[in-house]
Amino acid sequence: MGLTGESTGLRMVQSPKSIQRQPGEKVVALAGNPNVGKSTVFNFLTGLNQHTGNWPGKTVSNAQGKCERDGRTFVLVDLPGTYSLMAHSAEEEVARDFLCFGEPDAAIVVCDATCLERNLNLVLQTQEITSRVVVCVNLIDEAEKKHIRVDVQRLSKLLGAPVVATGARSGKGLEELMRQVERVMEQEPPAASTVQYPREIEQALALLTPAVERAVHGRLPARWLSLKLLEGDESLLRSVDTYLGASLLQTGAVAGAKKEAERTLRAAGIGAERFVDLVTAACVRKAEGISREAVRFERGDPMRRDRMLDKIFTGRVTGLLTMLLLLALVFWLTITGANFLSDWLSQGAGIVEGWLTDFFRWAHAPDWLYGALVQGVYRVMAWVVSVMLPPMAIFFPLFTFLEDLGYLPRVAFNLDRFFKKSGACGKQALTMCMGFGCNAAGVVGCRIIDSRRERLIAMLTNNFVPCNGRFPTLIAILSMFFITASAGVLGSVASALALTGVILLGVVMTLLVSRLLSRTILSGVPSSFTLELPPYRRPQVGKLLVRSVLDRTLFVLGRAVAVAAPAGLVIWLLSNITVGDMSLFAHCTAFLDPFARLFGMDGVILMAFILGFPANEIVLPIIMMGYMASGTLTSYESLDALRVLLVDNGWTWVTAACVMLFSLMHWPCSTTCLTIRKESGSVKWMLLSMVIPTAVGLSLCFLLRSVSLLL
């Protein structure tokens with residue numbers, strides 16, 4: 001094929017003017033809607049997996065790589081996926097600014113052949129900025145399976161730009177794509193298709209464009225820039241002034257022509273909002289017309305199957321019902337599979353602990369060193385791995401499977417109206433789902449929310465859904481105190497359904513607290529956003545496993561182990577250093593006990609939650625250690641044996657319910673807190689993220705205990 005990849009590492013674009021390049025290198029911008037295979041095109045051409053960073057001042061990722069062809073080097077810049085260049089979001093602003101001010105030598109716009117009409121909107125907007133555009137009609141193989149035929153030559157003629165049909169997964173057509181990119185760089189491109197706007201807007205553009213053209217001296221597309229000036233895009237105007245090194249509107253001719261053009265629009269009854277609507281509608285109509293002429297459906301509606309499935313998965317009633325059933329199924333598979341894997345890992349950890357014990361005896365190490373390192377640090381780390389890894393190793397692949405299948409956007413669609421009523425963003429549904437695996441990952445996922453206000457709401461409430469670290473505690477307590485059929489398939493199904501009910505409570509609290517925040521300290525109007533429902537696709541199992549295991553499971557587990565090791569040392573010291581006739585741990589639990597009993601718990605339970613701040617997985621074993629006064633974390637032979645221990649220490653169904661409520665709603669773990677601090681850029685929001693769920697959890701526990709006493 002003649003294409004070789006070379007990693008360039010991560011480069012930060014420090015200025016909107018241009019990207020760093022070596023002599024002779026050509027820069028190619030890669031744009032496209034989300035879920036059109038743009039990153040697949042990028043990875044195939046550059047020969048590297050996507051390396052991401054952040055655009056300066058934006059929580060939007062970037063990627064860059066080199067493609068060598070026939071002795072020439074092309075620098076491919078993978079722009080964030082966006083539906084338009086209207087700059088209603090950070091992604092749109094980044095893509096627009098790079099196309100306009102990044103001085104790319106050419107632009108590739110990747111489209112989905114199965115829904116070309118929607119994608120052409122971005123193509124037409126890109127052509128208004130640069131004439132050196134190559135259209136990549138990707139997923140042509142999927143279109144053929146659905147009996148969709150794209151007339152590439154007709155499409156090229158209608159757009160006035162080269163069009164190449166590709167199947168990026170197999171590399172089909174990518175050689176021709178790069179050949180066309182070279183051609184548009186070397187030759188004068190043909191006259192691109194121009195969007196014709198309503199007569200009044202065209203008259204206003206005719207008044208403003210000549211003045212803008214004289215002011216920018218050909219450095220920027222005058223017609224498009226005039227359109228944006230009339231639209232009132234302030235963010236673009238700031239970027240233009242930075243790029244030109246002078247204020248465009250301070251140029252007398254431009255300011256005067258703009259006022260005259262605005263008078264023409266006002267005389268026609270076109271205000272700012274109607275202007276944007278008319279411009280958008282004209283672009284959409286143009287895309288529809290081109291699609292009708294270039295696309296042919298050979299067997300009726302190719303999306304018929306997807307529409308039938310969406311009637312179930314996004315129906316007003318069936319959508320929520322199937323969502324709950326799928327959630328329960330995921331939890332059942334996680335619970336059932338995690339039990340076997342956890343036992344195996346626990347046995348392996350016990351064998352390793354035996355080896356370590358033999359080593360310390362052989363080395364004649366003092367008892368305090370053996371206790372601190374083996375019974376403290378190692379035993380806590382072993383607990384975290386054996387308890388946390390199994391559910392993550394099952395949950396994350398299942399979650400990624402639903403993501404690749406195209407189901408998760410349907411979840412956001414189903415929950416959008418609830419989050420809108422709460423004054424939040426519908427995208428928060430996706431970040432909430434990510435929190436099921438790891439709350440820290442859910443907080444990072446909040447980057448997809450454009451509004452800072454709504455992003456903060458999502459961060460502050462993400463902890464109301466339990467992560468994998470809290471699942472073992474919730475499942476164990478449910479099985480011991482609330483499920484009678486605790487053995488076999490029936491017991492695991494009952495656990496999954498009960499756990500689904502607990503999580504529904506967390507979702508309800510997420511909505512209620514989001515509404516409270518949006519009415520008080522984070523008040524504002526919910527923003528609108530475009531939510532794409534991608535076609536249902538068969539997941540690629542190999543990539544799914546690699547992404548879920550390496551990028552999610554091991555990454556989250558590594559961070560948990562890193563904070564669990566010092567926590568193990570602290571726990572051992574508190575349990576083995578005595579003051580008077582009691583350990584420091586016992587003194588702390590005695591001090592906390594009166595306060596904890598107000599909320600249906602005791603001092604040992606509350607102390608376990610405090611010491612479990614680094615990792616929620618160790619809460620239950622710390623409770624066992626406190627009751628047994630063993631000085632080290634202790635495992636248990638069975639749930640029945642653990643239930644006897646808890647009941648002997650005063651546990652009732654009220655205690656169990658309060659522990660579950662507080663486990664569901666209390667401060668985030670240390671990893672999540674640090675992530676919130678980093679993402680929000682403020683210690684204040686991190687502290688607030690700890691106070692809010694803790695206050696809600698204690699309030700519910702107090703209410704439950706009070707009601708139980710009255711009854």
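What share of the 711 residues of the protein chain count as buried?

1. Overall picture. The model is a predicted one. In the protein chain, 54% of the 711 residues count as buried. The secondary structure comes to 28 helices and 12 strands. If contacts are taken between residues at least 6 apart in sequence, 75% of them join residues at least 24 apart.

2. Strand β6. This strand covers residues 106-112, and seven of its seven residues are buried, so β6 is largely enclosed by the rest of the structure. In a regular strand, side chains alternate between the two faces of the sheet. In β6 both faces are covered: A106, I108, V110 and D112 are buried on one side, and A107, V109 and C111 on the other.

3. Neighbours of β6. Strand β2 (residues 26-32) runs parallel to β6 and is joined to it by five bridges. G32 has V110 of β6 as its bridge partner. Strand β7 (residues 133-138) also pairs with β6 in the parallel sense, over six bridges. There, D112 is partnered by N138 of β7. Between β6 and β7 the chain passes through helix α3 (residues 116-129), and this β-α-β crossover is right-handed.

4. Strand β5. β2 is also joined to β5 by five bridges, and these two strands run parallel. V27 stands opposite V75 in β5. Strand β5 takes in residues 72-78, and six of its seven residues are buried.

5. Salt bridge from β5. By the distance rule used, the count comes to 16 salt bridges. In one of these, the side chains of R72 and E182 meet at 3.4 Å, N to O. The pair links distant parts of the chain, as R72 is in strand β5 and E182 is in helix α6 (residues 174-186), 110 residues away. R72 is partly exposed, with a relative accessible area of 23%, whereas E182 is buried at 10%.

6. E353 and R379 form a salt bridge through their side chains, at 2.3 Å from N to O. E353 lies in helix α13 and R379 in helix α14, so the pair ties together parts that are 26 residues apart in sequence. Both partners count as buried: E353 has 15% relative accessibility, and R379 has 16%. As for point 5, salt bridges that share partners join R72, E182 and E186 into one network.

7. E231 and K228 form a salt bridge whose closest N and O atoms are 3.2 Å apart. The two are three residues apart in helix α8 (residues 222-231), and are therefore separated by about one helical turn. E231 and K228 are both buried.

8. L341, in helix α13 (residues 318-362), is partly exposed, with a relative accessible area of 28%. Leaving out residues up to four places away in sequence, L341 touches P390 and A393. I394 belongs to helix α14 (residues 367-405). Apart from neighbours within four places in sequence, I394 is in contact with L333, T334, G337 and A338.

9. Surface patch. V541, L545, V549 and L554 form a nonpolar patch on the surface, with about 320 Å² of accessible area together. L554 is found in helix α21 (residues 541-576) and is partly exposed at 42%. V549 is 9.4 Å from I394, C-alpha to C-alpha, and the two are 155 residues apart in sequence.

10. A buried arginine. R410 lies in helix α15 (residues 408-421). Is R410 buried or exposed? R410 is buried, with a relative accessible area of 1%. Not counting residues up to four places away in sequence, R410 touches D310, F313, T314, L533, P534 and Y536.

11. In helix α18 (residues 452-461), nine of the 10 residues are buried, so α18 is largely enclosed by the rest of the structure. Among them are R453, E454 and R455. Helix α19 (residues 471-481) is mostly covered, with 10 of its 11 residues buried. These include F471, M480 and F481.

Notes. Residues numbered from 1 in each chain as written. Predicted model: local features only at pLDDT ≥ 70, side-chain atom pairs only at ≥ 80, totals over all residues. Heavy atoms only, no water. Buried < 20%, exposed > 50% of the residue type's maximum accessible area, 1.4 Å probe, protein only. Helix = DSSP H or I, 4+ residues; strand = E, 2+ residues; numbered from the N terminus. Pairing = 2+ DSSP bridges. Right-handed = clockwise from strand over helix to strand, strands pointing away. Contact = heavy atoms within 4.5 Å. Patch = residues over 30% accessible without salt bridge, like charges linked within 9 Å, V, L, I, M, F, W, Y side chains within 5 Å. Areas by Shrake-Rupley, 256 points an atom, 1.4 Å probe, with all protein chains shown as cover. Salt bridge = Lys/Arg side-chain N within 4 Å of Asp/Glu carboxyl O.
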